[in-house]
Amino acid sequence: MSKSRESARERLARERAEQARRRRRRLWLAAAGAAVVVIAAVVAITLAVTGGSGSSGGGLPLAPLSTLGTLQPAPAAGPAGPEGVPVPAGPALADTSNGATGQPVDGISCQTSEQTLFHIHAHLTIFVNGAARQVPAGIGIPGAQATQTAQGAFIETGTCFYWLHTHADDGIIHIESPVQRTYTLGNLFDIWGQPLGPDQVGPAHGHVVAIYNGQVFQGNPRDVPLNAHAQISLQVGTPLVAPEQITFPNGL
């Protein structure tokens, strides 16, 4: 065999080996890229299911309810009010006489008609030394005019409606806003004209425990978000009671 022919065969062998190497590299890169996509998808699904972290609930500072120790059973639910939600048997925590009268509060306006571009509801219960207190009707509705129903009073009209307001004594908070944003308990209490903090809920003083959707909220209770169908309990003093869970009726 001539040297030129042998050289040509060697060159062809080298080229084929190089082509094979390149094919293997392309396959490896494709497999690595697919693995990255799969890992990213798994991470995204995990975050969606867990809310971002195992105990934070979508970034909220939450802890298990068990960290509070033994809780007393929640008191028996009162009769259903005009919105189909039980009304606590106790008196109101405070009336609405100190509430806002129409001026903007925390960037929240009071308008002559309810705004429904962003329309959700949350539920709030309050306990002082283990006893239930009502969240009164008419928060955020200056000049409230009540209509009497078979299930109790319902606020239908007023001078204006703040984007956060209550129609009945059942703890249902109506969030009816022309803009979508996260409102908080602090916003509601500011409209109500009542203080809220780690050591006070309205006129009640003492250590405050906030429970959000069955977990302990570890931040300032003012920062508790009013998300859709959030079930919130504020408790001042002791004993602590198990949070009440309601079923939101259709329309709420």
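**Close-up 1. Cysteine 110 is a buried residue.** Its relative accessibility is 15%, and buried means under 20% relative accessible area, exposed over 50%, partly exposed in between (1.4 Å probe, protein chains only). This is a predicted model: local features need pLDDT of at least 70, side-chain atom pairs count only at pLDDT 80 or more, and totals for chains, interfaces and linings use all residues. Residues are numbered from 1 along each chain as its sequence is written, and side-chain values use heavy atoms, with hydrogens and water left out.

**Close-up 2. Cysteine 110 and cysteine 160 form a disulfide.** The two sulfur atoms lie 2.0 Å apart; a disulfide is a pair of cysteine sulfur atoms within 2.5 Å. The count of disulfides comes to one. Cysteine 110 sits in strand E2 (residues 110-111). Cysteine 160 sits in the loop between strand E6 (152-157) and strand E7 (161-162). The pair links distant parts of the chain, 50 residues apart. Helices (H or I, at least four residues) and strands (E, at least two) are DSSP runs, numbered from the N terminus.

**Close-up 3. The disulfide of cysteine 110 and cysteine 160 is right-handed.** Why? The torsion about the S-S bond is about 100°. Cysteine 160 is buried, at 6% relative accessible area.

**Close-up 4. Aspartate 190 and arginine 222 meet in a salt bridge.** The N to O distance is 2.9 Å; a salt bridge is a side-chain nitrogen of Lys or Arg within 4 Å of a carboxyl oxygen of Asp or Glu. Aspartate 190 lies in helix H2 (residues 185-192), and arginine 222 in the loop between strand E14 (215-217) and strand E15 (231-236), so the pair ties together parts 32 residues apart in sequence. The structure holds one salt bridge.
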